[in-house]
Amino acid sequence: LLGASMNVNMDSVTEIFLKLLFLLSVHHRHMTVVGNKHNCDDQLVSTLPQSSFSSSSELSSSHSPGFARLNRREGAGGWSPLVSNKYQWLQIDLGERTEITAVATQGGYGSSDWVTSYLLMFSDSGRNWKQYRQEESIWAFPGNTNADSVVYYKLQHSIKARFLRFVPLDWNPNGRIGMRIEVYGCTYRSEVVGFDGKSCLIYTLNKKLINALKDVISLKFKTMQSDGILLHREGQNGDHITLELTKGKLSLLINLGDTKTHPSNAQINIMLGSLLDDQHWHSVLIEHFNNQVNFTVDKHTHHFHAKGEFSYLDLDYELSFGGIPVPGKSGTLSHRNFHGCFENIYYNGVNIIDLARRH
């Protein structure tokens with residue numbers, strides 16, 4: 001580069017070098033992110049301390065939960081509860097919120113003790129638990145048929161949690177409950193912000209970057225409150241888009257304002273979800289392309305196609321999360337601000353929480 005640029009002043013050379021360096025760093029960061037996304041399969045249990053394991057009970061000190069590591073033979077060769085029934089569980093504390101992509105189980109080493117099916121539960125706090133679900137039903141994992149073979153299961157959708165519980169449902173009728181386990185995944189990176197019910201986060205859009213025909217908003221939230229505004233964007237003539245939690249359900253309200261100007265489809269209200277105030281994380285995705293709206297809550301999507309002027313909404317260059325800072329013409333709303341947590345708020349690829357943290 002320097003040899004080919006003898007006639008270029010040093011400032012130009014420095015500028016070119018910095019641009020190349022920036023492009024290389026961006027490319028490397030992109031490759032790292034993609035790599036992490038596709039290789040989230042680290043062994044998470046094998047390196048945990050004994051204090052990270054707990055259980056409903058143990059048959060003896062040599063059957064304690066700390067011996068429940070895959071392919072290990074210490075103690076009696078695995079965890080076994082005092083009594084084999086469906087009220088027992090084996091719990092792991094991963095130390096931080098983690099993305100979990102797969103699990104594996106064995107029975108107790110060299111024994112007749114193994115589990116043939118089990119439930120998987122997860123939690124952020126270790127108190128409020130949720131069961132892993134697949135295809136809208138509580139799903140039992142296939143377990144083992146002998147003591148030492150490993151049964152590996154790749155999760156259809158990953159779990160983000162700090163605590164995991166294995167709950168045995170059935171076991172070898174000629175033995176008792178016995179388990180050794182491994183969990184696979186990677187560190188889950190996220191941006192989280194808390195709202196106290198009296199605040200909101202306002203994002204002023206860059207007018208140069210706005211594409212009026214496309215809007216994509218994604219976020220996760222958790223709350224114990226059944227009502228509250230998650231996001232709001234309003235225009236001068238009464239146009240507005242509002243996402244509101246109402247009695248534990250999410251309502252996406254799109255109002256075209258002046259019904260004389262927009263006689264058809266003047267107001268659209270789409271309801272999705274239920275019991276969303278359960279203090280667990282729920283994901284939201286709103287995609288607006290021309291007059292097509294895709295509204296997704298967790299894994300449920302409502303596709304809506306509107307006619308006429310819906311492709312154009314006269315909206316301000318301001319988007320508020322967690323409440324409505326100054327109530328405008330959308331007077332039918334409760335205006336109750338959100339009380340809970342948001343995670344990873346993105347508007348057209350912009351990380352809103354990161355911008356707020358950097359003021």
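Residues are numbered from 1 along each chain as its sequence is written. In this predicted model, local features need pLDDT of at least 70, side-chain atom pairs count only at pLDDT 80 or more, and totals for chains, interfaces and linings use all residues.

**Stop 1: the cavity**

How much space lies in the largest cavity? About 130 Å³. A cavity is a set of points, on a 1 Å grid over the protein atoms alone, where a 1.4 Å probe fits but cannot get out. Its volume is the space filled by probe spheres set on the points, which are joined across faces, edges and corners. The model has 1 cavity of 30 Å³ or more. Lining residues have an atom within 4 Å of a point.

Now select strands E13 (214-222), E14 (228-234), E16 (249-255) and E18 (282-289). Each supplies at least two lining residues. E13 gives the most, with 3. Strands are DSSP runs of at least two residues, numbered from the N terminus.

**Stop 2: the sheet**

Select E12, E21, E14, E15, E16 and E17. In that order they form an open sheet of 6 strands with antiparallel pairing. Two strands pair if DSSP finds at least two bridges between them. E12 (201-204) and E17 (267-272) are the edge strands, each pairing on one side only.

Zoom in on E12. E12 pairs with E21 (residues 318-321) in the antiparallel sense over 4 bridges. Finish at Ile202, whose bridge partner in E21 is Ser320.

Technical notes:
Heavy atoms only, no water. 1 Å grid on protein atoms, 1.4 Å probe; cavity = no way out; pocket = protein on both sides within 12 Å on 5 of 7 lines; lining within 4 Å.
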